[in-house]
Amino acid sequence: MNATDHSDSTNSTNSTDTTGSAGSAGSAGSAGSGGSSARLDADEARELLSRTEQVRRTARADQQGVAIPLLVLGPLTVAAALLQQVLYWVSFHDLGPGESRTATPEELAFSNFVDRYWGTVGAVGLLVIGIWFGWRSRRRGVGSGAGAWIAGAVGVFVLFAYSGLLLMVWPPLTMLTVLAPSVFIVVTLLLIAWRRHNGRLALWVMAFGLVTVLASFFFFSNRFYDLLGVLGLPEATVLALGGKGDALVQVALGIVMVLVGVRAMRQAGTVVTSPAAGHAT
């Protein structure tokens, strides 16, 4: 009887110890699982923050990728239109119907500068875009450094082509550059837009190129003459205003480009991280 009781007591004790050990093991397993889950959540949080930062940088780069060319080309477009009007006034303001005179050396120099505007000032503008892109990329770590090199290199090439230094090296390409410098500016910026997958920049660049090329052929002035004639305005009014069609379109485009560029730059400056990123820092 005593032996049986002792055996039962031993078995009971062993069962209790086994149950307790199992419970302790279960608690330890739960704690381990909880720790693993906590580590997993921390890893996921870090990955999410990394992705959020990448999206923020991409959005800022996209906005500034539009803003920088527009903020440079917009004022240049307005200046080109105003210079054309100044040249027109200097050349013809003192002439009556059917009259003509010999241009002064100063007038010839100014006319030559206006004719070479996009090959000189435009090339410098392209170089400024490249420098701005490079500075932005180095300072903020966003954007593509290749775009800066492309814009800068083409800008320098156009300047050298207009100086005549490359005429003996690449005659056909140099002549094409001299005849159509704005085309080189457009192609360069379209290449940058393609590399950046920036459709907005491509559309604005094509609008700039189309207006610039058509204005060089007096397309808008001729259409403006036709419009004023259809409206039945006096001939003197048509002759006085019709020739300003190209300048009006260029000035309008330049102003819109500046406004869009300023808005894009402001949007790039107001891009912020998510609340989660703010708590993490």
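## Exercises on a helical protein

F217 sits in the loop that joins α7 (199-216) to α8 (219-230). The model is predicted: local features need pLDDT of at least 70, and side-chain atom pairs count only at pLDDT 80 or more, while totals for chains, interfaces and linings use all residues. Residues are numbered from 1 along each chain as its sequence is written, and side-chain values use heavy atoms, with hydrogens and water left out.

### Exercise: the overall make-up

Task: state how many helices and strands the protein has, and what share of its residues is buried.

Solution. Start with the terms. Helices (H or I, at least four residues) and strands (E, at least two) are DSSP runs, numbered from the N terminus. The count by this rule is eleven helices and zero strands. Along the sequence the pattern therefore reads α-α-α-α-α-α-α-α-α-α-α. Next comes burial. A residue is buried under 20% relative accessible area, exposed over 50%, and partly exposed in between (1.4 Å probe, protein chains only). Of the 281 residues, 31% count as buried.

F218 is placed in the loop between α7 and α8. F218 counts as exposed because its relative accessibility is 54%. Its phi is near 60°, a positive value in a residue other than glycine.

### Exercise: the largest pocket

Task: give the volume of the largest pocket, and say which residues lie nearest its centre.

Solution. Begin with the general idea. Rolling a probe the size of a water molecule over the atoms shows where empty space is left. Here the search uses a 1 Å grid over the protein atoms alone: a cavity is a set of points where a 1.4 Å probe fits but cannot get out, and a pocket is an open set with protein on both sides within 12 Å along at least five of seven lines. Lining residues have an atom within 4 Å of a point. Grid points are joined across faces, edges and corners, and a volume is the space filled by probe spheres set on the points.

The largest pocket has a volume of about 880 Å³. Its lining holds 34 residues, and Q84, A215, S216, F217 and F218 lie nearest its centre. Helix α1 (residues 2-92) gives the largest share of this lining, eight residues.

Now sort the lining by type. Ala, Val, Leu, Ile, Met, Phe, Trp, Tyr, Cys and Pro count as nonpolar, Asp, Glu, Lys and Arg as charged, and the others, Gly among them, as polar. The lining divides into 22 nonpolar, nine polar and three charged residues.

### Exercise: the salt bridges

Task: find how many salt bridges the structure holds, and describe each pair.

Solution. A salt bridge is a side-chain nitrogen of Lys or Arg within 4 Å of a carboxyl oxygen of Asp or Glu. The structure holds two. In one, the side chains of E107 and R101 meet at 2.9 Å, N to O. E107 is buried because its relative accessibility is 17%, while R101, at 33%, is partly exposed.

In the other, the closest N and O atoms of R223 and D226 are 3.2 Å apart. Both residues belong to helix α8 and are three residues apart, about one turn of the helix. R223 has a relative accessible area of 41% and is partly exposed; D226, at 42%, is partly exposed.

### Exercise: H197 and N198

Task: say where H197 lies, and whether N198 is buried or exposed.

Solution. H197 lies in the loop between α6 (181-196) and α7. H197 is exposed because its relative accessibility is 71%, and its phi is near 55°, a positive value in a residue other than glycine. N198 lies in the loop between α6 and α7. With a relative accessible area of 2%, N198 is buried. N198 and G65 are 133 residues apart in sequence, yet their C-alpha atoms are 7.8 Å apart in space.
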